[in-house]
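Look at the display, then read on.

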Amino acid sequence: MHLAGDHKLRDPAWHGRVTAAVVFIALLFPAGYLTEFNPATLWGDASLNALGQFLGSFFPPETAPDFLRLVIEAAWKTVAIATVGNAIAIAIALPAALAATRILSISRIATGRMAALPAVIRTAIRWLLIFLRSIPEIVWAMIFVRAVGLGDTAGVMAIGITYGGMLGKVYIEILESADNQAATVLLQNGAGRLQAFWYAALPVSLPELTSYTIYRWECAIRASVVMGFVGAGGLGQQMELSMKMLAGAEVLTMLLMFVALVWIADLVSALLRKVLS
Amino acid sequence: MRLAWGGLAGFAAALLFLALCVFSLSGDWASFFSRTAAVKMGEFVQGFARPAVDAVFLQKLAYATLETLAISWLGTLIACVGGLLVALPASGRWGRVARGLARMLLNMLRAIPELVWAVMAVIAVGLGPFAGTLALAVHTTGVLGRLFAESLENAPPEPHASLRRHGIGAVASFWYATFPQVLPQLMSYSMYRWEINVRAAAILGVVGAGGLGQMLHFHLSLFQTSEAASVLIAMIVLVSLVDALSNLLRARLTS
């Protein structure tokens, strides 16, 4: 190829890349300032000592029988918090979804549009569900810990409320995205809403509903470990105690327990969902 | 019919498991629904009904919101770079041993939640947003590294091979053939993760890692519920704004 004069072979994307890089770097400085970004503190004398000692005390993990029993108890508590919390979430989500789903609207069938009052009620329930899930579970846990004290109950309620909001939303989506001819036919022929739900809408969507609920249970286990850090019981609360005392060996044992727990929950959840499908 | 019986048995088993769980909790339900708890919750609700709005407080709140945003942004950015660096060996381009080791590292980074990393970062660099940034960066490196590695593995190898056959160096071939192919996917993963990280950055502060969470923790601990309410509102607004922005950007990028 002949290139005339001082034309050189150029990267056609060059200008765009330079602009992007400049904007990027310009944004980097305020972000660095705001986050007090200073890697030097990481290598500073004081912190290297603190971190080094802490990490050094990780090995070998603590294996005293008494402590192991405590860890296993805490892990089971975590599972229990997640399970009971999830049960409360279902108890919130199922009635809410039942009331808010459009497929069980009777006025919709005759006119094609929902009557005003049911539409308002359904929207209000959706808003309530949004409110429940828009506050993170750890914040609910902090509030409950302050209102009722440290312990499992705060964790259970926090999971129940946040996950109630999430499950409710997804239940509605699942119910409405399924093939709902059967439910519509039942309603057209004079069946009640509960009958239409029980004999038509639920059977169609049950596998998907169950599978999502199991997935959420798995998430709840992860969440309930984290919530323990604000005093809501389970493995996280023990981990926080050990971390405060800089007992690295105990922390490592509990981290391993946590990873094993998540792994087992993952396996169980995958297995159950496979059986369902 | 057999399926129905199977379903019923599964349901019964689930109920049994639930009963076992309820039984093994300390069962402090009485105190949860007691008068004192109700009174305290009432106080909370009262405080939340009138969020604090004085100018000095709002200024602090705005700063903490920006701080949260900066933590999430910088944490995600560092994780993008770190994730890509680890994804190179994890996608198997430097042999199986390197692949296994890199994947193990990514799994470890990912398995430990941000909040646990944050506690350790606070021990390492002290209270403040820098700890939160580090914690997010470390955890997100694990998440993005794995996603990036899978993108790289799934990218069609022909353009890269073709450049290599024409005598172009390995780095240049990667940069001009493989990287542009996976870039849209990498961008969309990073964006998605940034969205999650804004939420995470907002709460990481409860262990002292800066941002809105630290403020919320502070005011809740002093039972200043009006201030706590304002912080919560700021959190929700921030998360919703980022969601909207991210949806917009994603629509732009994918269209």
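With 13 C-beta neighbours inside 10 Å, Phe223(B) counts as partly exposed. (A residue is buried with 20 or more other C-beta atoms within 10 Å of its own, exposed with 12 or fewer, and partly exposed in between; C-beta atoms are placed from the backbone.) This is a predicted model: local features need pLDDT of at least 70, side-chain atom pairs count only at pLDDT 80 or more, and totals for chains, interfaces and linings use all residues. Residues are numbered from 1 along each chain as its sequence is written, while chains are lettered from A and ligands numbered from 1 in the order in which they are written.

- Most residues other than glycine have a negative phi.
- Phe223(B) is not a glycine, yet its phi is positive, about 55°.
- Phe223(B) lies in the loop between helix H10 (211-221) and helix H11 (225-254) of chain B. (Helices, H or I with at least four residues, are DSSP runs numbered from the N terminus.)
- Glu36(A), also not a glycine, has a positive phi of about 50°.
- Glu36(A) sits in the loop between H1 and H2 of chain A.
- Glu36(A) counts as partly exposed, because it has 19 C-beta neighbours inside 10 Å.

**Where the chains meet**
- In chain A, 44 residues are in contact with 43 residues of chain B. (Contact means C-beta atoms, placed from the backbone, within 7 Å.)
- Ile143(A), Ala147(A) and Val148(A) in H7(A) meet Ala37(B), Lys40(B), Met41(B) and Phe44(B) in H3(B).

Key: Contact = placed C-beta atoms within 7 Å. Helix = DSSP H or I, 4+ residues; strand = E, 2+ residues; numbered from the N terminus.
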